[in-house]
Amino acid sequence: MKFFIDTANLAQIKEAQDLGILDGVTTNPSLMAKEGITGRDNILKHYVDICNIVDGDVSAEVIATDFEGMVKEGEQLASLHQQIVVKIPVIKEGIKAIKYFTDNGIKTNCTLVFSAGQALLAAKAGATYVSPFIGRLDDISSDGLNLIADIRLIYDNYGYETQILAASVRHSMHIIDCAKLGADVMTGPLLSIVGLLKHPLTDLGLAQFLADYNKGN
Ligand code: E4P
């Protein structure tokens, strides 16, 4: 499974990259605003800064909601850096734009996906990634993981190559569950990634090994 970090925070992106396990980054307008990155020029520069830290795909979201606007904006984003993946919402105009970018060899991430039907259309349009938001479904008492399972089944039934990018991951167990269900990628906060390392028996065992070593030295 590929690991993406879901943030626009450069320090956290660098920390994840330094771990050696990072495959890419996802951002969205809210994550940019959270870091105080506002204004078109600053946002574009920030995408380039992110690309210069990581080796893999970096999702950059369009703001336009009409086909022409999405194409114009997406082409500008894609021209920033070869690692940029154009992130497009799963609306009617968005599906048209994804098809356009697919036909023109530009990678896309179809975002704000909350149903299997939306994911099916994204795959038919040739999206590189589809982003089901599992945490936000959990927030409204729906089961986000069920959606991952449904999309996996549908994509496997027809051999769609669109990669399932489990998004809105909120904790380490989401990552484990998504891996069990066969999600191709997960994107989550740094805490949920390093949380995978946590086990009290590891801490106790290491402390014991060090104490025993020090007895003889
Ligand atoms: C995905 O690409 C989104 O940026 C993100 O995962 C949304 O997560 P949230 O529901 O925690 O805001």
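Helix axes here are lines fitted to C-alpha atoms over the stretch in contact, and angles between them run from 0 to 180 degrees between N-to-C directions. The model shown in these views is predicted.

**View 1. Helix α1 against helix α3.** Helix α1 spans residues 10–19, and helix α3 spans residues 40–53. Their axes come within 10 Å. They cross at roughly 20°. Angles under 35 degrees count as roughly parallel, so α1 is roughly parallel to α3. The crossing of this pair is right-handed. From α1, the contact is made by Leu-10, Ile-13, Lys-14 and Gln-17. From α3, His-46, Asp-49, Ile-50 and Ile-53 take part. By class, the contact of α1 with α3 has four nonpolar residues, two polar and two charged.

**View 2. Helix α6 against helix α8.** Helix α6 covers residues 116–124, and helix α8 covers residues 144–158. The two pack with their axes 9 Å apart, at an angle of about 40°. That angle makes α6 oblique to α8. The crossing is right-handed. Ala-116, Ala-119, Leu-120 and Ala-123 make the contact on the α6 side. On the α8 side stand Leu-147, Asp-150, Ile-151, Ile-154 and Tyr-155. Eight residues of the contact of α6 with α8 are nonpolar, none is polar and one is charged.

**View 3. The ring pair of Tyr-100 and Phe-101.** The model holds six aromatic pairs. In one of them, the ring centres of Tyr-100 and Phe-101 are 5.5 Å apart. The ring planes stand at 75°, so the pair is edge-to-face. Planes over 60 degrees apart count that way. Tyr-100 is partly exposed, with a relative accessible area of 26%. Phe-101 is buried, at 0%. Together with Phe-67, Tyr-100 and Phe-101 form one aromatic cluster.

**View 4. The ring pair of Tyr-155 and Tyr-160.** The rings of Tyr-155 and Tyr-160 also pair. Their centres lie 5.8 Å apart. Their planes are at 70°, so this pair is edge-to-face. Tyr-155 counts as buried, at 1% relative accessibility. Tyr-160 is partly exposed, with a relative accessible area of 23%. Tyr-155 is also one of the α8 residues in the contact with α6.

**View 5. Tyr-100 and its neighbours.** Tyr-100 lies in helix α5, residues 92–103. Not counting residues up to four places away in sequence, Tyr-100 touches Phe-67, Val-71 and Glu-75. Lys-215 is 115 residues from Tyr-100 in sequence. In space, the two are 67 Å apart, C-alpha to C-alpha.

**View 6. Thr-108 in strand β5.** Strand β5 runs over residues 108–113, and Thr-108 lies in it. Thr-108 counts as buried, at 0% relative accessibility. Leaving out residues up to four places away in sequence, Thr-108 touches Val-85, Val-86, Ile-88, Ile-98 and Phe-101, among others. Gly-126, Ala-127, Thr-128 and Tyr-129 are also among the residues that Thr-108 touches.

**View 7. His-81 in a loop.** His-81 is found in the loop between α4 (67–80) and β4 (84–89). Its relative accessibility is 18%. Buried means under 20%, so His-81 counts as buried. Leaving aside neighbours within four places in sequence, His-81 is in contact with Cys-51 and Asn-52.

Technical notes. Residues are numbered from 1 along each chain as its sequence is written. This is a predicted model: local features need pLDDT of at least 70, side-chain atom pairs count only at pLDDT 80 or more; totals for chains, interfaces and linings use all residues. Side-chain values use heavy atoms; hydrogens and water are left out. Helices (H or I, at least four residues) and strands (E, at least two) are DSSP runs, numbered from the N terminus. Angles under 35 degrees count as roughly parallel, over 145 as roughly antiparallel, 65 to 115 as roughly perpendicular and the rest as oblique. A crossing is left-handed if the near helix is turned anticlockwise from the far one by less than a right angle, and right-handed if clockwise. Contact means heavy atoms within 4.5 Å. Ala, Val, Leu, Ile, Met, Phe, Trp, Tyr, Cys and Pro count as nonpolar, Asp, Glu, Lys and Arg as charged, and the others, Gly among them, as polar. Rings of Phe, Tyr and Trp (its six-membered ring) pair if their centres lie within 6.5 Å; planes under 30 degrees apart count as stacked, over 60 as edge-to-face and the rest as tilted. Buried means under 20% relative accessible area, exposed over 50%, partly exposed in between (1.4 Å probe, protein chains only).
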